[in-house]
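Dear colleague,

Please find the structure below, handed over for your study.

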Amino acid sequence: KAGSLIDEQSGVETEIIRNHYKQSQTLESIQEQTYQLGDVRKTLHQLKESLDSLKPKLRDEEVKLENINEKQNDANEALINAQRARDDFQQETQDVRIELLNLENQRDNLVFQRQTAQETIKELVSRDEGIVQEIIGLKEQKNSLQSKIAEGEKVYKLLNGKITKQRSLYDLKRETYNATYREMETLENRIRSEQRSKEELLEELTQLEIQLAEYKQKKSLISERISDRYQARLPKSLPEGQLIDDQTVDDMEMKIQRIERSIENIGPINMAVQFEYEEEKKRLDLLIEQRDDLVQSEENLRETIGKIDRVARKQFRETYDQIKENFEKLFVLFFEGGTASLSLIGDPDPLDADVAIHAQPPGKRNQSLRMLSAGEKALTAIALLFSIYQVKPSPYCILDEVDAPLDDVNIRKFTRVLDTFARDTQFIVVTHNKLTMEAANYMYGVTMEQKGVSKLVSVKFDN
């Protein structure tokens, strides 16, 4: 407790010392302010005396100021009138200058239109001459191609007629050969069956004769034995129903009669059958030879068709590979990235297969063309079109509103690629897009200044 009291006492003493110091500073500031107040009062008294001495001068100056203000007002009015007159003159001068500029612009426009018209006329004349020369060359090519086509059609019709004739002859001879062959087979089968029947009957008759001879021999032996042993003779005929080798005489007679009737039914042997057979064989040989000729012709035709198919497959495959390679490059050029390719699906034969298009623009993971937007589909189709065009380019190419579904970004890509191809080919583009028009060197439009009267307007852009 004593320690805390000592601390409090020291704190109070410190506070008292601070208050004394503040009090002394306050007294010093009051004295300074008192001195400053006396100085201010002296200065204020001096100012009042100076003001009293300046009041007459101030009245004279106010009178002068009023006079000067009146003169200034008059001068201001005169200045305002002068400024108005100056503004009117400047406005008239400006109107004259504007009219002069308009006239100069009209003169420049007329001069420019005249120069443009003269240049256009010269260019059209030169292009007209070039077009005339091209038309003459194209007409000559057309005539040569028409003559070649006519010759090819004649050869084709001739070959087609020969093929039709040979085919009809082949069908007729084949039918005749088949009918004759069937008749010969029927006749040979009949002859074979009759010969087999006759041979069987002759063999059966021979067996019966052999049996009869054996029976007669046995009978003679038995008769000799009976006569030697019993001194008696057998009757010439056996009693009815008596068995000889397990067969009755009636059965044997009936069998003999049946065999004789069969021989009679066969009739006499036709010796002319051999001659007829030889004639038919000669005819058959001739038909076989003709059939072989037709088969050989058919093989030749099939070989020719196969050769044509091989050449067509080879050319199709080469062209397809070129188009595929061009499409992969141009797709990346159009879309500034992504991947694209072509593939053959369906039939293993490339001539009968379908062509599938795989396109994947940058930033997309589509699996089908249906997932692309209309602009992307159009740009993909344009890339494929230019890929096909690259295989066999021509000096002229006409594009009819191929940029219609494209937006501004895709139009920029399209015109950039178009400028690249325009180094070797002149493109004629039918379009309503302003960005495509900006990329052109010449622009031709059809306008109707008067109702029912069309007018062609051409513009040449200066690089």
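**The hairpin and the surface patch**

Strand 5 and strand 6 form a hairpin with 2 residues between them, and Gly452 in the turn has a positive phi of about 85 degrees. This is a predicted model, in which local features need pLDDT of at least 70 and side-chain atom pairs count only at pLDDT 80 or more, while totals for chains, interfaces and linings use all residues. Residues are numbered from 1 along each chain as its sequence is written, and side-chain values use heavy atoms, with hydrogens and water left out.

Helices (H or I, at least four residues) and strands (E, at least two) are DSSP runs, numbered from the N terminus. Strand 5 pairs with strand 6 (residues 453-460) in the antiparallel sense over 7 bridges; two strands pair if DSSP finds at least two bridges between them. Val446 has Leu456 in strand 6 as its bridge partner.

Val446 and Leu456 also belong to a nonpolar surface patch with Leu124, Tyr442 and Tyr444, and together the five have about 520 Å² of accessible area. Such areas come from the Shrake-Rupley method with a 1.4 Å probe, and for residues only the protein chains shown count as cover. Patches are made of residues with over 30% relative accessible area and no salt bridge; like charges are joined within 9 Å, and nonpolar side chains (Val, Leu, Ile, Met, Phe, Trp, Tyr) within 5 Å. Strand 5 (residues 442-450) gives the patch its largest share, 3 residues. Leu124, by contrast, lies in helix 1 (residues 2-230). Leu124 counts as partly exposed because its relative accessibility is 42%; buried means under 20% relative accessible area, exposed over 50%, and partly exposed in between (1.4 Å probe, protein chains only).

A salt bridge is a side-chain nitrogen of Lys or Arg within 4 Å of a carboxyl oxygen of Asp or Glu. By this rule the count comes to 8 salt bridges. One of them joins Lys281 and Asp285, whose closest N and O atoms are 3.7 Å apart. Both residues lie in helix 3 (residues 273-335), 4 residues apart, about one turn of the helix.

Arg302 and Glu298 form another, at 2.9 Å between the closest N and O atoms. Here, Arg302 is exposed, with a relative accessible area of 57%, whereas Glu298 is partly exposed at 32%.

Why can such pairs meet? An α-helix has 3.6 residues a turn, so residues three or four places apart point the same way.
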